[in-house]
Each structure stands twice: as C-alpha cells, then as structure tokens.
Amino acid sequence: MPVDVTWWGHATCTIEDSGVRVLTDPLFVRRFAHLRRRRGAVPPPQAAVAEAVLVSHLHSDHLHLPSLARLAPGTRLIVPYGASAAVPGLRALRRARRLRVTEVRAGDEVRVGAVQVRAVPALHDGRRLPVGPQRAPALGYVVEGEARTYFAGDTGLFDGMAEAVGPVDVALLPVGGWGPYLGHGHLDPARAAEALARLAPRSAVPVHYGTYWPIGLDGVRPHEFHAPGDEFVRQAAKRAPEVAVHVPAHGERVRPEAGR
C-alpha cells in the first residue's frame, strides 16, 4: 500500500499514489480574515505542485482563492457541483490560470492519471459564508490508486457513513477546527475516533487542527488548539485499536502503512 501523505496544516495535504500528486483544500497563507497561523511555516512553493486539487466545500478556509491562484496552469481542480456558480471569483480564476475545473456530486468519479477520485457525501454546511446564501454540497473524496485514501474534508458523523465512503486503507480525518468551539457538522477527537471505528481503515492521519486560531484568542481554551491530535490517538486506541494512527508535524511526510 505505497501511499505517502504530507500534512501542510489545517485540511491541506498532499496524497502521493501511483506517481500522482493530489492536493486537498489548499490554504497557503499566514493570515486570512480573523485567523492567524500559529504553528508550522507557510507551505513552500512545491506544495502547490499537483496533478489534481480537491476542494471539499465552499468555506473560505477550504476554497481559498488566493491559494488556488498558486496552482500551475492546466491543473485539474475538482470542486462540488455548483461551486463555479456560487463563487464568481472561481470563474475568474479558472480563466486567468487556465485551470481545468470539474464539478462533481457524491458518487461521481474522475480519472487523474493512474488514480481514480470518487466524491463521497459529507455532513457539513455547504454555503459560501459569510458573503451570502450561495451553496454547493460539501463533499469528501476517496483517492484510489495502489491504496484507497479517504479525505473527509469537513464532516460530522452521519448514518451510512461507512457504506457511502466504502472500503479504505487510509483515512485523513478532521479532529478539530480554528476556534475554541466546534459546531454541528464537525468531528472532534472522540467523534473522529467513532468515524474511524465505522470506516475500519488500516491507517489514519488526523488533520484540521493546530494550525489557525482567531487573532486575540490565544489564551482562550488553548487545549482546543494544541490537544486534538494527541487526544485522537488516545480515543482511537480505545475505539479502533487495530488502526495505526500517524500524527505528522506540519510539513512532515508520512507513509501511513509504516509499522504495520
């Protein structure tokens, strides 16, 4: 199962499988809106190099137009169906950078070289907040080459999750957020461990925590920023002890099947 995963911070990962690089929800800035990057360097230019880029939903920390502007012309950009209509800036960026935008619904598949990307459902708010009611469904993705790697994007637990995602070898699961509170449609470490028990992959990598935090809130519930990765390891050991959990540092590349 030779797949490599590099975690760049937040929900941004590079999945390398069968010679294909797939980048998830790129966010390449030190600060945006009311958030500041508090851990890990801003990803280097090579982080933006990929054959395909997956965008899970329209929130600006996942569909971040300035970060997408760093992609090379001709890059395949896979987004939820309706994203181009909901986000005018995406249409402009598509023309300016000559990106090959493909809109997908849950169940759709896109071939990228030697891998197949399949869109799967997610339980999360699909609006383009805070600018208006425009929306597109939130998605996760399964990247299948020599391994099957599930990138959950942002999601809560939902009925039929394992059936919708299907068998996977590696699960990249969100375990936190960018503020002291997680609302509906998110996973905390305990709920992420429950998702792990349902999905039953061989390996897991926690993401979407410990990177961005609201400016001026450094002293508010700091454990919500620092602890989710380690807490996920603890919860996973109780609920899914057969799954190997890897906790990379920002910018670290791991091979999830190592040690199995």
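1. Two strands are taken to pair if DSSP finds at least two bridges between them. The structure discussed here is a predicted model. In this model, Arg37 stands opposite Tyr212 in S15. Strand S5, which comprises residues 35-37, pairs with S15 in the antiparallel sense, and the pairing runs over three bridges.

2. The sheet to which these strands belong is open and consists of three strands, in the order S4-S5-S15, with antiparallel pairing. Its edges are strand S4 (31-32) and strand S15 (212-214); each has a single partner strand, so one side of each is left without a neighbour in the sheet. In general, strands of a sheet pair through backbone hydrogen bonds, either parallel or antiparallel.

3. As to the chain as a whole, seven helices and 17 strands are assigned to the protein chain. Of the contacts between residues at least 6 apart in sequence, 67% join residues at least 24 apart.

4. Of the 260 residues, 55% count as buried. The protein chain exposes about 10300 Å², and carbon and sulfur atoms supply 52% of this area.

5. Regarding charge, the protein chain carries 32 positive and 25 negative side chains. The centres of the two sets lie 7 Å apart.

Technical notes
Residues numbered from 1 in each chain as written. Predicted model: local features only at pLDDT ≥ 70, side-chain atom pairs only at ≥ 80, totals over all residues. Heavy atoms only, no water. Helix = DSSP H or I, 4+ residues; strand = E, 2+ residues; numbered from the N terminus. Buried < 20%, exposed > 50% of the residue type's maximum accessible area, 1.4 Å probe, protein only. Contact = heavy atoms within 4.5 Å. Areas by Shrake-Rupley, 256 points an atom, 1.4 Å probe, with all protein chains shown as cover. Lys, Arg positive; Asp, Glu negative; His and termini not counted. Charge placed at Lys NZ, Arg CZ, Asp CG, Glu CD.
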